[in-house]
Amino acid sequence: MDYAQSSGYEVRINEHYITDSIIENTENQFYRLFRTGLGEALGSEPELVLSPGTFDMRFTHQAGIPSLNYGPGILEESHMNDEKILINDLKKSIVGFAAGLYEIARGL
């Protein structure tokens, strides 16, 4: 018996927003090229993370287009009030993004 039943409280859950989780093939050529350019520009192997949020890449993923999200910021603060990033992190991400795109353009 759960708490709601044992306490006499009525509990209702209304979903206001739901989206499917996605995972990309991080071993495909698109990812490998981007990681290569990013790693060379930043001087270290980029870290892949699992995001608890949603991104518009779900639309390209559903269309069969390889997609990724990359950028600066504190993952736990994304899309929240007072979200912030450090200027140096922003600068590094711009350099990293440009290098990743350059490597994709050279390799595809």
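Contact here means heavy atoms within 4.5 Å. Keep that cut-off in mind, because every touch described below rests on it. The structure itself is a predicted model.

Start with Leu75. This residue is found in the loop between α3 and α4. Leaving aside residues up to four places away in sequence, Leu75 touches Val49, Leu50, Ser51 and Pro52. Take Leu50 from that list. Leu75 and Leu50 are 25 residues apart in sequence, and their C-alpha atoms are 9.7 Å apart in space. The label follows because partly exposed covers the range between the buried limit of 20% and the exposed limit of 50%.

Stay in the loop between α3 and α4, and look at Ile74. Ile74 is found in this loop too. Its relative accessibility is 42%, so Ile74 counts as partly exposed. Now find Ile85. Ile74 and Ile85 are 11 residues apart in sequence. In space, they are 7.1 Å apart, C-alpha to C-alpha.

Asp82 also has its place in the loop between α3 and α4. Its backbone deserves a look. Most residues other than glycine have a negative phi. Asp82 has a positive phi of about 65°, although it is not a glycine. Is Asp82 buried or exposed? Asp82 is exposed, because its relative accessible area is 68%, and exposed means over 50%.

Now turn to the helices. Helix α2 covers residues 29-42, and helix α4 covers residues 87-107. Their axes come within 7 Å of each other. They cross at roughly 135°. The two helices are therefore oblique to each other. The crossing of α2 past α4 is right-handed.

Which residues of α2 and α4 make the contact? On the α2 side they are Gln29, Phe30, Leu33, Phe34, Thr36, Gly37, Leu38, Glu40, Ala41 and Leu42. On the α4 side they are Lys92, Val95, Gly96, Phe97, Ala99, Gly100, Leu101, Glu103, Ile104 and Gly107. Sorted by class, the contact of α2 with α4 has 11 nonpolar, 6 polar and 3 charged residues.

The structure holds 4 aromatic pairs. Phe34 and Phe97 form an aromatic pair that is edge-to-face. Their ring centres are 6.0 Å apart, with 65° between the planes. The edge-to-face label applies because the planes are over 60 degrees apart. This pair links distant parts of the chain. Phe34 is in helix α2 and Phe97 is in helix α4, 63 residues apart. Phe34 has a relative accessible area of 5%, so Phe34 is buried. Phe97 stands at 38% relative accessibility, so Phe97 counts as partly exposed.

Phe97 has another aromatic partner, Tyr70. Tyr70 and Phe97 form a pair that is stacked, 6.4 Å centre to centre. What is the angle between the planes of Tyr70 and Phe97? The angle is 5°. The pair counts as stacked because its planes are under 30 degrees apart. This pair, too, links distant parts of the chain. Tyr70 is in the loop between α3 and α4, and Phe97 is in helix α4, 27 residues apart. Tyr70 counts as partly exposed, because its relative accessibility is 29%.

Next, find Ala98, which has its place in helix α4. Ala98 is partly exposed, with a relative accessible area of 45%. Ala98 and Phe34 are 64 residues apart along the chain. Their C-alpha atoms are separated by 9.5 Å.

Return to helix α2 for Arg35, which has its place there. Is Arg35 buried or exposed? Arg35 counts as buried, because its relative accessibility is 14%. Arg35 touches Thr26, Glu27, Glu45, Pro46 and Leu48, not counting residues up to four places away in sequence.

End at Gly43, in the loop between α2 and α3. Gly43 has a relative accessible area of 66%, so Gly43 is exposed. Gly43 and Asn25 are 18 residues apart along the chain. Their C-alpha atoms are separated by 24 Å.

Conventions
Residues are numbered from 1 along each chain as its sequence is written. This is a predicted model: local features need pLDDT of at least 70, side-chain atom pairs count only at pLDDT 80 or more; totals for chains, interfaces and linings use all residues. Side-chain values use heavy atoms; hydrogens and water are left out. Axes are lines fitted to C-alpha atoms, for helices over the stretch in contact, and angles run from 0 to 180 degrees between N-to-C directions. Helices (H or I, at least four residues) and strands (E, at least two) are DSSP runs, numbered from the N terminus. Angles under 35 degrees count as roughly parallel, over 145 as roughly antiparallel, 65 to 115 as roughly perpendicular and the rest as oblique. A crossing is left-handed if the near helix is turned anticlockwise from the far one by less than a right angle, and right-handed if clockwise. Ala, Val, Leu, Ile, Met, Phe, Trp, Tyr, Cys and Pro count as nonpolar, Asp, Glu, Lys and Arg as charged, and the others, Gly among them, as polar. Buried means under 20% relative accessible area, exposed over 50%, partly exposed in between (1.4 Å probe, protein chains only). Rings of Phe, Tyr and Trp (its six-membered ring) pair if their centres lie within 6.5 Å; planes under 30 degrees apart count as stacked, over 60 as edge-to-face and the rest as tilted.
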